[in-house]
Amino acid sequence: MIRGAATVGLGLTLASNEPVSQNDHSAPRPIEGSPDTVLRVNELRGRVAIVTGAAGGIGLAASEAFVAERMIVVMADINEEKVRQQASRLRDQGSVVVPIAVDVSDPDSVDHVAQAAVDQFGALHVAVNNAGIVNRGYS
């Protein structure tokens, strides 16, 4: 695990219920990620996020939200072709988006993704651990 990274769960909520335009960066709006971690939306620009399971569903939605905030997004998924396609689509919106293959059942694969982000961008600020492992009881 990379030191200094804030892990943000799937239950992110804006502290304010008022609708805000994606282009409105005038007032800081806190995001509550955990009891001890509060980030402000306008502080996300240029920060580095890793999203696992980023090729579809919740992971893709999280990646899209981070791109809207002009974050640097490392999109990780086991489906390399699909994550590359989605990353290309999001990159067209003007953000830095990097696709990478990951198998979250392999700790070395996960470590590689985190280290690659830090090596390329100098830091890791947000990790959305969205991908899961299904164990059907087979051995």
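Is Glu64 buried, partly exposed or exposed? Glu64 is partly exposed, because its relative accessible area is 29%, where buried means under 20%, exposed over 50% and partly exposed in between (1.4 Å probe, protein chains only). The legends below refer to a predicted model, in which local features need pLDDT of at least 70 and side-chain atom pairs count only at pLDDT 80 or more, while totals for chains, interfaces and linings use all residues. Residues are numbered from 1 along each chain as its sequence is written, and side-chain values use heavy atoms, with hydrogens and water left out.

**View 1. Overview of the protein chain.** The protein chain has three helices and eight strands; helices (H or I, at least four residues) and strands (E, at least two) are DSSP runs, numbered from the N terminus. Starting at the N terminus, the order of elements is β-β-β-β-β-α-β-α-β-α-β. The protein chain has 139 residues, of which 35% count as buried.

**View 2. The salt bridge between Glu64 and Arg89.** A salt bridge is a side-chain nitrogen of Lys or Arg within 4 Å of a carboxyl oxygen of Asp or Glu, and by this rule the count is two. In the one shown here, the closest N and O atoms of Glu64 and Arg89 are 2.6 Å apart. Glu64 belongs to helix α1 (residues 57-68) and Arg89 to helix α2 (residues 80-91), so the pair ties together parts that are 25 residues apart in sequence. Arg89 counts as partly exposed because its relative accessibility is 35%.

**View 3. The salt bridge between Arg84 and Glu80.** The side chains of these residues, Arg84 and Glu80, meet at 2.9 Å, N to O. Both residues lie in helix α2, and because they are four residues apart, about one helical turn separates Arg84 from Glu80. Arg84 is partly exposed at 44% relative accessibility. Glu80 is also partly exposed, with a relative accessible area of 37%.

**View 4. Asp77, a buried charge without a salt bridge.** Asp77 is part of strand β6 (residues 72-77). Lys82 is the nearest side chain of opposite charge, at 7.3 Å from Asp77; Lys and Arg count as positive and Asp and Glu as negative, with His and the chain ends not counted. A polar atom of the Asp77 side chain lies 3.2 Å from the backbone nitrogen of Ala54. The backbone nitrogen of Ala55 is 3.1 Å from a polar atom of the Asp77 side chain.

**View 5. A patch of negative charge on the surface.** The patch gathers Asp103, Asp106, Asp108 and Asp111. Patches are made of residues with over 30% relative accessible area and no salt bridge; like charges are joined within 9 Å, and nonpolar side chains (Val, Leu, Ile, Met, Phe, Trp, Tyr) within 5 Å. Asp103 sits in the loop between β7 (97-101) and α3 (107-121). Its relative accessibility is 31%, so Asp103 counts as partly exposed.

**View 6. Arg70 and its positive phi.** Arg70 is not a glycine, yet its phi is positive, at about 65°. The residue is placed in the loop between α1 and β6. Arg70 is partly exposed, with a relative accessible area of 35%.

**View 7. Ala61 and Val51.** Ala61 lies in helix α1 and is partly exposed, at 41% relative accessibility. Ala61 and Val51 are separated by ten residues in sequence and by 9.9 Å in space, C-alpha to C-alpha.

Key: Areas by Shrake-Rupley, 256 points an atom, 1.4 Å probe, with all protein chains shown as cover. Charge placed at Lys NZ, Arg CZ, Asp CG, Glu CD. Polar contact = N/O pair within 3.5 Å; in protein donor to acceptor, adjacent residues only side chain to side chain.
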